[in-house]
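Hi,

Here's the structure I said I'd pass along.

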Amino acid sequence: MVNGQKIPEKMTAVAISTPGGPLVLKPEKRDVPTPGAGEILIRVHAAGVNRPDVMQRKGAYPAPPGASDLPGLEVAGEVAALGEGATRWRIGDQVCALTPGGGYAEYVKVHASNALPLPAGFTYTEAAAVPETYFTVWHNVFERGALKAGETVLIHGGASGIGTTAVQLASALGSYVIATAGSAEKCEACLKLGADRAVNYREEDFVKAVKEATDGRGANVILDMVGGDYIGRNYDAAAVEGRIVQIATQTGAVASADFSKLMVKRLVHTGSTLRPRTVEFKGAVAAALETQVWPLLATRRVAPVMDMIFPLKEAWRAHERMEEGDNIGKIVLDVG
């Protein structure tokens, strides 16, 4: 029982009927999953929409072994059932969670360690916009990239869900933030979120802009989701002993680069993907977020930037919105 309601045997979910465009996302009836050892079942009220969902829909990013074939990597809702050993949570607790898949549904099961309490004062739709981006940004910018207060960070795609999160966190924790975006409106949004400099990459060379903003030193950390020819240009924009963290390759995973620059500058070029990582790894990131970031969310010193909210059954519209590229911040599904 959750808020006096019995858990049904069936639920509405949005599945990928066949790889293709947004309209292949179809509502259907599925069995409500049963939580296993260490897992919780969440009655989903809202689910975040992320670019990996789009890639999965197109057939380019299959679910990892053992994960649901449904898209959806982050949710917010109420704990509906507990698996054996899931002792932290109680039925009815309000949580948001990172999932390996299955978020586009009325119920989803997740490992208990991958769930976090709903940030104080947050709605379900706001909370559903938190896990995927905050897990990704915290690990890649602050753990892999080791960004420190006083350093300069270059954030590509600054108006995206990941970008708006990275801009806010880096600014709140004391870094000089440079963000790239593709329009004046998006650049203005980055500045309002705390960026010290916003570069319209359609009109300016970001390498030149970074050098000018740092008196020629370059960026200590670069968060890149673009790939392609940005890889070589990132080497130019990086400071000596800079760290470049690759989290996506939207314009191409294969590129030519002058590796002598990597050697001369003693650069580190690393990267990661989140979905295939173990529940133990994700649990460790969740614990760090609860300690380091949840207090910032509670005071709204940082918060998800909300773009548009669509009903679950119209998930195809959310995917259209993401692929149009006009969104500033997060796109979310209202599950009810």
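Let's start with a helix pair: Phe206, Val207, Val210 and Lys211 in helix 6 touch Tyr230, Arg233, Asn234, Asp236 and Ala237 in helix 7. By class, the residues of that contact come out as five nonpolar, one polar and three charged. Keep in mind that this is a predicted model.

As for the geometry, helix 6 covers residues 206-213 and helix 7 covers residues 230-237; their axes come within 9 Å and cross at roughly 15 degrees. Angles under 35 degrees count as roughly parallel, so helix 6 is roughly parallel to helix 7. The crossing of helix 6 past helix 7 is right-handed.

The other pair I looked at is helix 3 (residues 131-144) with helix 4 (residues 161-172), which pack at an angle of about 55 degrees with their axes 9 Å apart. That angle is why helix 3 counts as oblique to helix 4. Here, too, the crossing is right-handed. On the helix 3 side the contact involves Glu132, Thr133, Tyr134, Thr136, Val137 and Phe142, and these meet Gly161, Ile162, Thr165, Ala166, Leu169 and Ala170 in helix 4. Sorted by class, the residues of this contact are seven nonpolar, four polar and one charged.

The largest pocket has a volume of about 1200 Å³. It is lined by 49 residues, and the closest to its centre are Arg51, Ser160, Met225, Ala248 and Gln250. Which element gives the most to this lining? That's helix 3, with four residues. Helix 4 is also among the elements that supply at least two residues each, as are helix 1 (51-57), strand 9 (176-181), helix 5 (184-192), helix 11 (315-324) and strand 15 (330-334). The lining of the largest pocket splits into 17 nonpolar, 22 polar and ten charged residues.

The second largest pocket has a volume of about 410 Å³. Of the 27 residues lining it, Gly66, Ala67, Ser68, Pro100 and Lys109 lie nearest its centre. Strand 6 (107-111) is one of the elements that give at least two residues each, along with strand 2 (25-31) and helix 9 (279-292). The largest share of the lining, five residues, comes from strand 6. By class, the lining of the second largest pocket has twelve nonpolar, seven polar and eight charged residues.

That's what I have for now.

Cheers

Key. Residues are numbered from 1 along each chain as its sequence is written. This is a predicted model: local features need pLDDT of at least 70, side-chain atom pairs count only at pLDDT 80 or more; totals for chains, interfaces and linings use all residues. Side-chain values use heavy atoms; hydrogens and water are left out. Axes are lines fitted to C-alpha atoms, for helices over the stretch in contact, and angles run from 0 to 180 degrees between N-to-C directions. Angles under 35 degrees count as roughly parallel, over 145 as roughly antiparallel, 65 to 115 as roughly perpendicular and the rest as oblique. A crossing is left-handed if the near helix is turned anticlockwise from the far one by less than a right angle, and right-handed if clockwise. Contact means heavy atoms within 4.5 Å. Ala, Val, Leu, Ile, Met, Phe, Trp, Tyr, Cys and Pro count as nonpolar, Asp, Glu, Lys and Arg as charged, and the others, Gly among them, as polar. On a 1 Å grid over the protein atoms alone, a cavity is a set of points where a 1.4 Å probe fits but cannot get out, and a pocket is an open set with protein on both sides within 12 Å along at least five of seven lines; lining residues have an atom within 4 Å of a point. Grid points are joined across faces, edges and corners, and a volume is the space filled by probe spheres set on the points.
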